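Here are my notes on the model, set down as numbered points for you to read beside the coordinates.

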Amino acid sequence: YAQLLQQSPRSPATLKNSYCDLRTFAAWLTQARGGVWNLHGIDLEEVVVAYAWQLSEQGYKPSTIARHLYSIRGFLAYAGIDAGFVVALAYEFKSEVWPQTKSLTEKQLARFLEVIERDALYDDEALVRFILQTGVCVSELCALKWKDLSFANVPGHRRKCVMMNVTGRSENRRTPLNDLAVHALTVLGFNGVLPSTGKLLNTNIFSREACEMTPKMVHYVVDRYAKIAHLAVTPSILRNTFCKKLAKSGVPLEHLAKLIGLTEQSANVYYVSAVPNMDDLLAAVDQA
């Protein structure tokens with residue numbers, strides 16, 4: 001599992017925290033079970049809940065406890081153990097610090113897109129609009145190649161749909177692209193590359209000077225125009241804006257989870273909130 005983490009796009013600091021969190025949990029569980037380390041034959045939910053509250057009693061901050069729980073969840077998922085309960089438990093602590101996933105309001109999004117349309121290079125604009133229309137994360141965006149796109153016949157549709165194969169953090173997924181996402185790709189050569197069968201199919205969709213983009217480069221592109229718009233915008237915020245928009249429009253939770261590569265439990269934690277934001281409240285009173 002440690003080797004798998006090292007191959008992920010996580011930063012050295014994040015990896016160090018994950019290792020530390022898992023070692024702490026392993027030591028606690030071993031001591032609690034009389035020197036035996038074994039995840040089988042025990043009520044994992046009861047054990048993890050007890051561990052979380054033990055950390056709380058020791059004075060750990062809610063955000064730190066949530067981090068420990070997410071580290072445990074990653075290992076359990078790797079071991080093939082259903083860890084949905086860990087997400088809900090982590091949210092109980094995390095919500096004390098971050099009550100909502102950060103995304104752009106409609107006005108902020110309009111202002112940011114105004115800057116994109118006015119000042120962005122054509123490939124930068126394509127990158128931003130593609131994230132906003134697909135919800136892909138940075139690592140997925142950087143890994144996309146033209147061969148990951150294909151045409152498919154969808155029942156009920158007269159024309160073929162463009163499908164995208166995404167290499168996600170946990171598993172691969174195949175999702176359709178809407179017209180706006182496809183349009184964002186046309187300026188990058190979609191119409192010329194996809195029908196071909198040559199070497200171009202093995203090239204990255206998003207690149208700079210024929211070189212594969214890195215996550216840092218993607219962050220730099222978004223930040224460049226965020227500063228012009230005087231807004232705090234990151235690729236994650238663009239992804240969250242896509243997800244929040246779908247959730248708010250009434251898209252079923254299982255569909256949202258499938259589109260963005262999360263479990264249904266995780267999508268429920270991050271993008272479905274029982275607490276309406278101020279924009280929702282203002283819209284409600286305006287309709288009164």
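Which side chain of opposite charge is nearest to the buried D148, and how far away is it?

1. The model is a predicted one, and what follows should be read with that in mind. The nearest side chain of opposite charge to D148 is K147, at 6.0 Å, and D148, although buried, has no salt bridge.

2. As to its setting, D148 sits in the loop that runs from helix 8 (138-143) to strand 1 (149-152). Once residues up to four places away in sequence are set aside, D148 touches A143, M163, M164 and N165. Two of these contacts come up again in the strand pairing, where M163 is the bridge partner of S150 and N165 is that of R174.

3. Strand 1 and strand 2 run antiparallel and are joined by four bridges, with S150 finding its partner M163 in strand 2. Strand 2 is also antiparallel to strand 3 (residues 172-176), and five bridges join these two; here N165 is partnered by R174 in strand 3. Of the seven residues of strand 2 (residues 161-167), five are buried, so the strand is largely enclosed by the rest of the structure.

4. For the chain as a whole, there are 15 helices and five strands, and buried residues make up 38% of its 288 residues. Among the contacts with a separation of 6 or more, 61% are accounted for by residues 24 or more positions apart. The accessible surface comes to about 16,800 Å², and 54% of that surface belongs to carbon and sulfur atoms.

5. Side chains of opposite charge can pair when their charged atoms come close. One of the bridges joins R118 to D119, with the closest N and O atoms 2.9 Å apart. R118 is exposed, at a relative accessible area of 54%, whereas D119 is partly exposed, at 33%.

6. Two further salt bridges lie within helices. E125 pairs with R129, the closest N and O atoms being 3.0 Å apart, and both residues belong to helix 7 (residues 122-134), where four positions, or about one turn of the helix, separate them. E125 and R129 are each partly exposed, E125 at 22% relative accessibility and R129 at 24%. In helix 11 (residues 215-229), K227 and D223 are likewise four residues apart, so about one helical turn separates them, and their side chains meet in a salt bridge at 3.3 Å, N to O. K227 counts as exposed at 57% relative accessibility, while D223 counts as partly exposed at 30%.

7. Salt bridges also link D123, D124, R208 and R224 in a network. Both D123 and D124 are among the buried residues of helix 7, a list that also includes A126, L127, V128, F130, I131, L132 and T134.

8. The geometry of helix 7 can be checked against expectation. At 1.5 Å a residue its 13 residues should span 18 Å, and its end C-alpha atoms are 18 Å apart, so the two values agree. After helix 7 comes G135, whose phi is positive, near 75°.

9. Finally, I would point to S103, which is placed in the loop between helix 5 (84-94) and helix 6 (106-119) and which counts as partly exposed at 24% relative accessibility. S103 and K245 are 142 residues apart along the chain, yet their C-alpha atoms are separated by 9.4 Å. Leaving aside its neighbours within four places in sequence, the contacts of S103 are Q108, I237, N240, T241 and K244.

Technical notes
Residues are numbered from 1 along each chain as its sequence is written. This is a predicted model: local features need pLDDT of at least 70, side-chain atom pairs count only at pLDDT 80 or more; totals for chains, interfaces and linings use all residues. Side-chain values use heavy atoms; hydrogens and water are left out. Buried means under 20% relative accessible area, exposed over 50%, partly exposed in between (1.4 Å probe, protein chains only). Contact means heavy atoms within 4.5 Å. Accessible areas come from the Shrake-Rupley method with a 1.4 Å probe; for residues, only the protein chains shown count as cover. Lys and Arg count as positive and Asp and Glu as negative; His and the chain ends are not counted. A salt bridge is a side-chain nitrogen of Lys or Arg within 4 Å of a carboxyl oxygen of Asp or Glu. Two strands pair if DSSP finds at least two bridges between them. The expected span of a helix is 1.5 Å times one less than its number of residues.
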